[in-house]
Amino acid sequence: WLAAAAAVALLLGLGVVWLRMPAVPEFAAYRDDVLQRVQTDPEHLAFDSRNLANIRQWLGERGVDANLDLPAGLASLTPHGCRLLDWNGQKVVLICLVPKGSPHIDLLVIDRTRFRGFTPSDAPQFGQTASMATAVWRKGGKTYLLAGKIDPERLRQLL
């Protein structure tokens, strides 16, 4: 009886732990949700600045790790500002960038690398939504999503 009771207690304990584990979200749900909000929210930016150092400071003052590891092509672009989004209780950094001769693009960064339907890679994975060219990659514990109504080849050149 003792062995049976111990086995039942162990199974119940494992069940409780399993039920409390947060589900790994689907990458497509994250991408679609944040891009929909970026496109439809009238307040695109909460902080206007053409200086990445000022943007990093603004983010840091709001408790966000502003240590972003940007590819050289993006780091050389002039930002237009940033804002924070909330996605399922997690902060998402949005930085608006405007490449010369192209429409603006949005860089979205979340401190998460585990998503269903997303194989983490340091190399950008390019795609297309209904209206936007996208690139996604993982670096340093963060997932980066770059998106814009821009020619997909131009987006590739920036990375």
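This is a predicted model: local features need pLDDT of at least 70, side-chain atom pairs count only at pLDDT 80 or more; totals for chains, interfaces and linings use all residues.
The strands belong to an open sheet of 7 strands, whose order is S1-S2-S3-S4-S7-S6-S5, with antiparallel pairing. At the edges of the sheet are strand S1, residues 47-48, and strand S5, residues 125-128, each of which pairs on one side only.

Staying with S5, we find that S5 and S6 form a hairpin with 4 residues between them, and that the bridge partner of Gly 127 in S6 is Thr 134. On to the next pair: S6 and S7 are joined by 7 bridges and run antiparallel, with Arg 138 having Thr 143 in S7 as its bridge partner. The hairpin of S6 and S7 has 2 residues between the strands, and in this hairpin Gly 140 takes a positive phi near 55°.

Is Thr 134, then, buried or exposed? Residues under 20% relative accessible area count as buried, and because Thr 134 has a relative accessibility of 7%, it counts as buried. Leaving aside residues up to four places away in sequence, Thr 134 touches a number of others, among them Leu 35, Phe 126, Leu 145 and Leu 155. As for the strand as a whole, 5 of the 7 residues of S6 are buried, so S6 is largely enclosed by the rest of the structure.

Now let us turn to the helices. Helix H2, residues 27-40, lies across S2, S3, S4, S6 and S7, and runs at about 125° to S2, whereas helix H3, residues 52-61, lies across S1, S2 and S3, and runs at about 25° to S2.

Which residues of H3 are buried? They are Ile 55, Trp 58 and Leu 59, and, seen down the axis of H3, the buried residues fall within an arc of 95°, so they line one face of the helix. What covers these buried residues includes S1, S2 and S3.

Finally, please look at the two ends of H3. At its start, a side-chain oxygen of Asn 51 reaches to within 2.7 Å of the backbone nitrogen of Ala 53, while just after the helix Gly 63 takes a positive phi of about 75°.

Definitions and conventions: Residues are numbered from 1 along each chain as its sequence is written. Side-chain values use heavy atoms; hydrogens and water are left out. Two strands pair if DSSP finds at least two bridges between them. Contact means heavy atoms within 4.5 Å. Axes are lines fitted to C-alpha atoms, for helices over the stretch in contact, and angles run from 0 to 180 degrees between N-to-C directions. Buried means under 20% relative accessible area, exposed over 50%, partly exposed in between (1.4 Å probe, protein chains only). The arc is that of the directions from the helix axis to the C-beta atoms. A polar contact is a pair of N or O atoms within 3.5 Å; within protein, one must be able to donate a hydrogen and the other to accept it, and residues adjacent in sequence count only if both atoms are side-chain atoms.
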